[in-house]
Amino acid sequence: MPFIPHTEADIAAMLDSIGASSLDALFDEIPVDLNCAGLGGIPPSLSEMAVTRLAHGRAAQDGFYSSFLGAGAYEHHIPAAVWQIVSRGEFYTAYTPYQAEASQGTLQLLYEYQTMMASLTGLDVSNASLYDGATALAEAVLMAVRANKAGVRRVLLPDTVHPRYRAVAQAMVKNQGIELVGVPFDKASGITDLAALEVMAGEAAALVIPQPNFFGALERVDALTDWAHAHAMLAIAVANPLALALLKPPGLWGEGTQTRGADICVGDGQPLGVPLSSGGPYFGFMTARQALVRQMPGRMVGRTVDLDGKPGFVLTLQAREQHIRRAKATSNICSNQGLLVTAATIHMALLGPEGLKNVALSSHANTRALIDKLVSLLGVERVFSSPFFHEAVIRVNIPVPDVLRALRAQGILGGYALGRDYPELADCILVCATETKTEDDLEQYRQQLERILSRRNGRDPSVPPCAYK
Amino acid sequence: MLIFEHAQTGRRAHAQAPYDAPAADDLPAELLRGTAPLLPESSELDVVRHYTRLSQKNFSIDTQFYPLGSCTMKYNPRACNTLAMLPQFLARHPLADAETGQGFFACLHELQEMLKQATGMAAVSLAPMAGAHGEFTGVAMIRAYHDARGDTARREIIIPDAAHGTNPATASMCGYTVREIPTDRQGNVDLEALRAVVGPHTAGLMLTNPSTLGVFEKAIVTILKIVHEAGGLAYYDGANLNAILGRVRPGDMGFDAIHINLHKTFSTPHGGGGPGAGPVGVSERLMPFLPIPYVLEERGLYRWAEEGDCSQSIGRLSAFGGNMGVLLRAWVYARMLGGVGLRRVADFATLNANYLAAELQKAGFDLAFPERRASHEFIVSLKKLKDATGVAAMDFAKRLLDYGFHAPTTYFPMLVPECLLIEPTETESKETLDAFVTAMAKVKEEAEMTPELVKGAPHTLPVRRLDDVKAARELDLAWKPV
Amino acid sequence: MSIPADLKYTKTHEWARLEADGHVSVGITHHAQELLGDMVFVENPTVGRNLAAGEECAVVESVKAASDVYAPIAGEVTAANGSLESAPESINKDPYAAWMFKLKPSNSAELDGLMNATSYAAHVESEAH
């Protein structure tokens, strides 16, 4: 019996101790007419060898691509040590650290993680993770509304925030009667239109500020933060944590010495040591100013001392959470993404401040080089003028689906088609080149795109197809 | 010692990142960071040794028996981890076209179908990323259903007082008011109280069955009839689904929406707090409201169902569709067990719980519901022991740690004073259960003879009892360099 | 358990004291702080807020629980005890000295509707069963 250690003799002895005649007798409180006759619809058991062969076959069927997709999930090198340590049974098979004395490993790691994230974002406190960047944004919206003493239930959510994040936030807050209001972007620069903000009527509890935004462009975060505060709103940053190794941390956003910076920062921790994994598990992070700590959702670890005065770590401020506060909890979240935070902490510790910054700089440089190569082609142009981090938008003069399909046939995932979220950008592609890309990778993309464009635009193919895959 | 205290300025793990990189001279200075973040500067060996040593300060399933009630800490098969981490699965970008991931989709589609079979529901979405996220999804669908019918006066969710805290917290997140109903002396929902609260304001009922008291709700059909006749829908909290796999299905009981904790019933790891996965199942009438994405099969090709496929969907729950790696682990587990093996999960979880309950009772412990059959878990009350010796359930739990057993769940459910909620799971052997009974009896004896020893526990772990009052009063949530 | 005879009490375990200046001080009872355990945080209503009788207006938090505090009678909040923010343990030490906030009653007669010490003691007793 897979994973069940009982011998026939064990079963007999145990039933005897219970005073039951059979295993079936243990279910005698279930009304008879509800009994189902087993699970015949589920396929028969496979041995580990057989399921291994099946899984390997399916993985091989999917293969590998040279990917220039970003749009919220990024390919980065992850040091081998990260997942070897994460996969240790003591981390992998431990429970939530409610029994603090038996969980000091996980608790100390989380405290270190909170320290790293607070510093990276320039804010005071961090929780121990949420599900992903999108749900973290939804939680930040709920938090800002809770913190609003005047009872304002409206939050400004610019159109340059990841479309999926906006969809998730909408799904998660609408039942509480909270209104999310879009803010248009400037068509030339690709960043939130400050002039449009000025004419937005009505009050709001918060303004969401992405950095970089969904187009990879860098927003004018200082002006946006100051604008939010001048209008009695909280400033909620949505940031790529890797970019923050290079960019001004949200806690310092704003001009002059009077600014208090963004109030809350959220985002997806995937770029910090988490594989793409077809979409998850990733983890959402959230940091905030100290004054908002009791409004935060999710677990938090605090440092304290034991009976002998020796330092140790515990889950703290649990009275905010569902297992104590029930209907009045700050969130219903219980399970979080602890193991991914374990990976991120080890990843950040291995890279250090300089390593992380170099990854950010290399990604930025590779994307710059890619954009330069691509816009040198006839029929390709850059769309937005703003500086960008490691993603940018290009426009092509033949249909985007055709371009991407033709690239895919050559083993290249050419980027994200923006038309499904922004109809006015139907001829545009969001491209990303992280530090994992070599000069050769970038050149392959350029050559293949050139060949596709020339063919469709009626010129002779100048470059032979490449069997990258 | 913290990782930061191991660090030295100028030390690098140079193999791990680009050695150097061109300056970002095109970016405006006012957008750049001035001072470096507080990350440690360490060698690879320092980091590996530090976190390996930290891991050794944890209890885990791989190292200790973990009879944590309602948490289902059973063995996490290693093949699930290895196969979910095949390089192609890890490298796949979530926004890559479906054509590039047919192998991956085939696994997910099979899991979706197997979960339908295991639960008797009409359709399943794998999108929710944890149990509480599944609860949110379920209640949001119930709300969408009523709203679509113009039935907007229904704003109350009924929840038994023994429920997990996530149930009432979920109802609040969905903009609903909670009506709590009591439990009777046998551990069942109080039917009269239920009849008294249902009505035109009832949106639905959230119920765990077997309940958190470790007993099967015998009147389940009547309970659901009362709710349905009042116009409400019924939500099944699948936290305890492992107790009834292959014996009775939530769909057959008459539930409209359910979630399944894959990190419990389907043995994906808990990872020190997560990730989990909380797929939802629905009856026919809730199908239009399922969250996106879910896997569709059309002419032998798989793809995600998205916005255009289901106009009434409650929407997206995550940026990229869910905790795929957890779903793959559950797929491997379900394929290895098969239909027969999954039924055995319930059989042997129940056998182990009833055996452990019987042996503990023989050793002089009080069961909270001695006249009831235990499901996969049961409750011991230490009230008499506390009254006699002053040793509380928490002290008792801490002393068990000294004997190398993780503590059972303490102080939940709150209905039973000084309770230990004990769930042995099916993967533990009779010898382990017997050793646990011996340790329990030993701690009881210590409580009676030398109560101070137990009250001061643990004595053998990396730290002694920690001051959580100080932790909350003098918040220290992030290290600061001296 | 201490239940001073000169105070008024609510079923939700607040005490109310009519001060010489006509204002009413409010806190939580000895029994309430005992149930909650070591206090770690107090959130008081803002001064100037108008409360209805029975309105949820403050929170007391221990490590293992958080509990709402309700206004015993209607009135305007005229003071909040700021010292509890840094020293919430004062509530455990002397719950009847550690007032949380003061009200200017809308109608002082409402105080007569609250329980006296004898009926509160009986109420606590009845809740224990």
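Student: Okay, which residues touch the most other members in the largest nonpolar core?
Tutor: Keep in mind that this is a predicted model. The largest nonpolar core has 181 residues, and the ones touching the most other members are Leu137(A), Ile264(A), Leu418(A) and Tyr51(B). Helix H11 of chain A, residues 338-375, gives this core its largest share, with 14 residues.

Student: And what is Leu137(A) in contact with, leaving aside its neighbours within four places in sequence?
Tutor: With those neighbours left out, Leu137(A) contacts Leu157(A), Val161(A), Tyr165(A), Ala169(A), Val208(A), Ile236(A), Val238(A) and Val266(A).

Student: How many residues are in the other core, the one that lies apart?
Tutor: That one has 113 residues, including Ile30(A), Trp331(B), Leu360(B) and Val443(B).

Student: Switching topic: how many residues does each side bring to the contact between chain B and chain C?
Tutor: Chain B brings 4 residues and chain C brings 7. About 430 Å² is buried between the two chains, and carbon and sulfur atoms give 64% of that.

Student: Now Asn209(B). Where is that in chain B?
Tutor: Asn209(B) sits in the loop between strand S4 (202-208) and helix H9 (220-229).

Student: Is Asn209(B) buried or exposed?
Tutor: Buried, because its relative accessibility is 0%, and the cut-off for buried is under 20%.

Student: New topic, the backbone. Which peptide bond involving Pro281(A) is cis?
Tutor: The bond from Gly280(A) to Pro281(A), with omega near 0°. Pro281(A) is in the loop between strand S7 (264-268) and strand S8 (284-288) of chain A. Chain B has a cis bond too, joining Ile292(B) and Pro293(B), with omega about 0°. Pro293(B) is in the loop between strand S7 (280-282) and strand S8 (295-298) of chain B.

Student: Why point those out?
Tutor: Because most peptide bonds are trans, and most residues other than glycine have a negative phi.

Student: So what is phi for Ala71(A)?
Tutor: Near 55°, a positive value in a residue other than glycine. Ala71(A) lies in the loop between strand S1 (66-67) and helix H3 (80-86) of chain A. Ala71(A) counts as buried because its relative accessibility is 1%.

Student: And what about phi of Ser277(A)?
Tutor: Phi of Ser277(A) is near 50°, also a positive value in a residue other than glycine. Ser277(A) is in the loop between S7 and S8 of chain A.

Student: Is Ser277(A) buried or exposed?
Tutor: Ser277(A) counts as buried, at 9% relative accessibility.

Methods
Residues numbered from 1 in each chain as written. Chains lettered and ligands numbered in written order. Predicted model: local features only at pLDDT ≥ 70, side-chain atom pairs only at ≥ 80, totals over all residues. Heavy atoms only, no water. Contact = heavy atoms within 4.5 Å. Buried area = accessible area lost by both parts, 1.4 Å probe. Helix = DSSP H or I, 4+ residues; strand = E, 2+ residues; numbered from the N terminus. Buried < 20%, exposed > 50% of the residue type's maximum accessible area, 1.4 Å probe, protein only. Core = buried A, V, L, I, M, F, W, Y, C linked by side-chain atoms within 4.5 Å.
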